[in-house]
Amino acid sequence: MARHISKSLLLLAFSIVICCGIYPLAVWAIGQSFFPFQANGSMVKGPDGALVGSLLIAQPFTKDEYFQPRPSAASYDASASASSALAPSNYALRDRVARTIGPIARYRGGPKAGQLVAPDVEAWFQQDRFQGQPHVVAQWADAHNALAQAWVKADPANAAFVDEWTKAHPDKVAQWVKDNPDTPAPAAADLAVIFFDDWSATAPGKFPSLVEHTGADGKSTKAIEPVAEGSDIQSIFFDMWRQDHPDVALEDVPGDLVTTSGSGLDPHITLQNARFQLDRVADAWAKDTKRDPGQIHREIEQVLQQKAFAPLGGLVGEQVVNVLEVNLELRKRYGEPGGAAS
């Protein structure tokens, strides 16, 4: 019996040494010797030498000067990798896709062929009528309570603005509490619908947006202001505009521009997607550098061609580019977004 126990303990110790010591050490040594970049997370640095991210994990880019990755159901959080799992019948999926398409959609034919739809979405919104009825913002909030509440929760400034509104409209809040006795102390998000109903009546053709201003001292301040144009109008109300204009032919968009990956962290986009964004990116850099837009467009197109590759050495799949890698190359070539090239 003792002999069997001693052999078992010896085998256990041997296994621990091999599996928990020698094998990991060997893998680490091989990785650090032959694949140090990949073994350390494919981390890359910016022009200032600071780490900016990993080529394996997507991250958001919001400036027009940069290519943008696929949407992420995980908000680009590597610790929360997940797909959206939204069904085609879920309006949240339709809304997310519509918000992505709105600012970039273009007419396919007719006198406005190739032109952006966004200005017409803004003009339609300012008329403040949807399917023949007034108060577009109120209709949006009434039809999609969850989206109205999500707007309140999206930024502390939004919630604070609604809180200030509740102080100025105690009668409306009291009526809401009377209609909803199970919520005697409503939070700002709970009052989102009645807030937007009141907003729509008092500020027709406008939407409360977070606007940033830069003072004489160079400091930025943000405040909620009524707006009738801009990215919020173009994105939030594109779907309603589309419902009012069902027969208008629009250009197709790349699928990965509006769909999330299974992980929500895919660092690549298709070359087709990158080319779809190319005009926006090139125009922004041309404005920043005060150079010919056509020349900038050709230069960035060359960057995309140089960085493009297909999986497994081109044996399968479409050509893709790594968003972070391309954006770092643009940063290296043209300098800080909004400033002169360095």
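**A first look at the chain**

Modeller: Take the contacts in the protein chain between residues at least 6 apart in sequence, where contact means heavy atoms within 4.5 Å: 58% of them join residues at least 24 apart. Bear in mind that this is a predicted model, where local features need pLDDT of at least 70, side-chain atom pairs count only at pLDDT 80 or more, and totals for chains, interfaces and linings use all residues. Residues are numbered from 1 along each chain as its sequence is written, and side-chain values use heavy atoms, leaving out hydrogens and water.

Biologist: How many helices and strands does the protein chain have?
Modeller: The protein chain has 16 helices and eight strands. Those are DSSP runs numbered from the N terminus, with helices being H or I of at least four residues and strands E of at least two.

Biologist: And is the chain compact or spread out?
Modeller: More spread out than a compact globule, because its radius of gyration is 26 Å, well over the 20 Å that the globule rule gives for 342 residues. That radius is taken over C-alpha atoms, and the rule is 2.2 Å times the number of residues to the power 0.38. Along its principal axes, the C-alpha trace spans about 85 × 65 × 50 Å.

Biologist: What share of the residues is buried?
Modeller: Buried residues are 36% of the 342 in the protein chain. Buried means under 20% relative accessible area, exposed over 50%, and partly exposed in between, with a 1.4 Å probe and protein chains only.

Biologist: Let's zoom in. Where does Thr260 lie?
Modeller: Thr260 is in the loop between α12 (255-258) and β7 (268-270).

Biologist: Why does Thr260 count as buried?
Modeller: Because its relative accessibility is 15%.

Biologist: Which residues is Thr260 in contact with, leaving aside neighbours within four places in sequence?
Modeller: Thr260 touches Arg70, Pro71, Ser72, Ala73, Ser84 and Arg96. As for Arg99, 161 residues away along the chain, its C-alpha atom is 14 Å from that of Thr260.

Biologist: New topic: what is phi of Ser42 near?
Modeller: Near 55°, a positive value in a residue other than glycine. Most residues other than glycine have a negative phi. Ser42 sits in the loop between α2 (36-39) and β1 (43-45), and it counts as buried because its relative accessibility is 5%.

Biologist: What about phi of Tyr76?
Modeller: That is positive too, near 60°. You'll find Tyr76 in the loop between β2 (51-54) and α3 (91-101).
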